[in-house]
Amino acid sequence: MLKGPLRTLAGLTVAAMLAAPPVLAADEFITVASTTSTENSGLFDNLLPKFEEETGVDVRVVAVGTGQAIDLAKRGDADVLFVHHKPSEEKFVAEGFGVERYDVMYNDFVIVGPRSDPARIAGMSDAVAALDKIAESRAPFASRGDDSGTHKKELGLWKQAGTDVAAASGSWYRETGSGMGATLNTAAGMEAYALTDRATWISFENKGDLEILVEGDKRLFNPYGVILVNPEKHPHVKAEAGQKFIDWIISPEGQEAIADYKLNGQQLFFPDYRAGS
Amino acid sequence: MFEFAAAFERAAALILTWDADLAEIVALSLQVSLTAVAIAALLGLPLGAAVALVRFPGRRAAAVLLSALMGLPPVVVGLVVYLMLSRAGPLGVLGLLFTPTAMVIAQVVLVTPIIAAIARQVVEDLWAEYEEQLRSLGTTPARAIGTLLWDGRFSLVTAILAGFGRASAEVGAVMIVGGNIDHVTRVMTTTIALETSKGDLPLALGLGIILIALSLTINAAAFLAQDLARRSQQ
């Protein structure tokens, strides 16, 4: 029926469809809604093959901000939630969307900024006081602005500092509304301060003139939790395979695999599952 | 300018070593976009021709609508398809979210209006040119759809290529409905977005160069096919 160029195009299409590898190779898979920090830092590339080899369960990671990940899980579009904002995670479980929250690992947040450091915060160990100085000097600050775990953390710190960032939005306080990497790209471009998790920072390759200025405040603690989406809410949730993943990641073997992952000689995440915790 | 030199080097290295992950990503990109364009052409060509030829109330409005839909924002289409395919959505039981099929669906929605709108213009122009001739042969507008689509095939290839350009270049929709899952729904554009967010700008740009080269190859192939077809007619 088709002739000439149309036939060629149709032929190309069919060829492309045949040439592409079969899309559903693994028999069993689970979908994990997680955050950009775990994906972008390369942690999953290191962890998942070990789990997949052992169990034959393929893990599909959808890496978005914590807020979006929780929303995905609430809608039943993921089997396991693996994020980093404890209050939201506990609420997720309390509302019946999740079965149980397990501590998995932690790292910490750091405040990065330009070497010139116009707000003079370098070396401070009080994160709230540092933010206060940034607000005072009206030096540019790049915020995620995307309801992610890091954004929620940052807003909590601003609240403690007594700064109304919503009022400053658009002037020195700039909400990028995007992921951690994109926000760091923006911060590097406009020599702004930013709050970032250490894993993303270490793996980020476009640091430009930015460096870590504030770290070590215990309020910058960044714990990750893992939760099975409640099959009672969403019957199609692959509870058995999902629980298998959770059991593995909190097992001594999974915890060791997390501790083993290093980038440029630095450990990115610290396992912290404690039985009965 | 250092970045651009580095980007070309990365692109060249990726192609020369024929990285297996890259091959998989390129294959999936082509699979998704070409499938979407093929389906969109099957829907859009007859639709565009029908709007051009069949007299019905609101025909002008339909033509305007088709044109306007060419500018559908990919993120909005992605969001709507996501809400439809989500487990909590009306088509959730199909379990299509985060699969290449979901990406094809989103791209069909984006591409069909482009092909239909251009096809409408092409067929309308042809009808204006050949109306007398066709009517003297007793052909009604509705029955001329097939004839004129065939007559305008060379122009319509451009419509299809425009659709392919849109499909292969967009990132907003496939990111939302595909989820950019490694080895499952990761395509060229979502990989570029990912590498940009990791701050690996040379790799991101290198992948961009490969994507553009790919588009160039497909367009060149289509032009070549057109030339061959024209020549075989003479």
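Predicted model: local features only at pLDDT ≥ 70, side-chain atom pairs only at ≥ 80, totals over all residues.
View 1. Residues are numbered from 1 along each chain as its sequence is written, and chains are lettered from A, with ligands numbered from 1, in the order in which they are written. Chain A holds 12 helices and 12 strands; these are DSSP runs numbered from the N terminus (helices are H or I with at least four residues, strands are E with at least two). Take the contacts in chain A between residues at least 6 apart in sequence: 75% of them join residues at least 24 apart. Here, a contact means C-beta atoms, placed from the backbone, within 7 Å.

View 2. Chain A splits into domain 1 (28-106 + 222-271) and domain 2 (108-220), with bounds from an automatic or database domain assignment. Their C-alpha centres sit 26 Å apart. Domain 1 of chain A puts 19 residues into the contact, and domain 2 of chain A puts in 16. On the domain 1 side, α2 (36-40) and α4 (66-74) of chain A each supply at least two residues, and α2(A) gives the most, with three. That side divides into four nonpolar, 15 polar and no charged residues (nonpolar: Ala, Val, Leu, Ile, Met, Phe, Trp, Tyr, Cys and Pro; charged: Asp, Glu, Lys and Arg; polar: the others, Gly among them).

**View 3. Chain B, built from helices.** Chain B has 10 helices and zero strands. Its C-alpha trace spans about 65 × 50 × 30 Å along its principal axes. Buried residues make up 47% of its 234 residues.

**View 4. Helices α7 and α10 of chain B side by side.** The axes of α7 (residues 153-169) and α10 (residues 201-233) of chain B come within 11 Å and cross at roughly 170 degrees. The axes are lines fitted to C-alpha atoms over the stretch in contact, with angles from 0 to 180 degrees between N-to-C directions. α7(B) and α10(B) are therefore roughly antiparallel (the word applies to angles over 145 degrees). Among the residues that meet are B:F154, B:L161 and B:F164 in α7(B), and B:I218, B:N219 and B:A222 in α10(B). The residues of this contact divide into six nonpolar, five polar and no charged.

Key:
Parallel < 35°, antiparallel > 145°, perpendicular 65-115°, else oblique. Contact = placed C-beta atoms within 7 Å. Buried ≥ 20, exposed ≤ 12 C-beta atoms within 10 Å, placed from the backbone.
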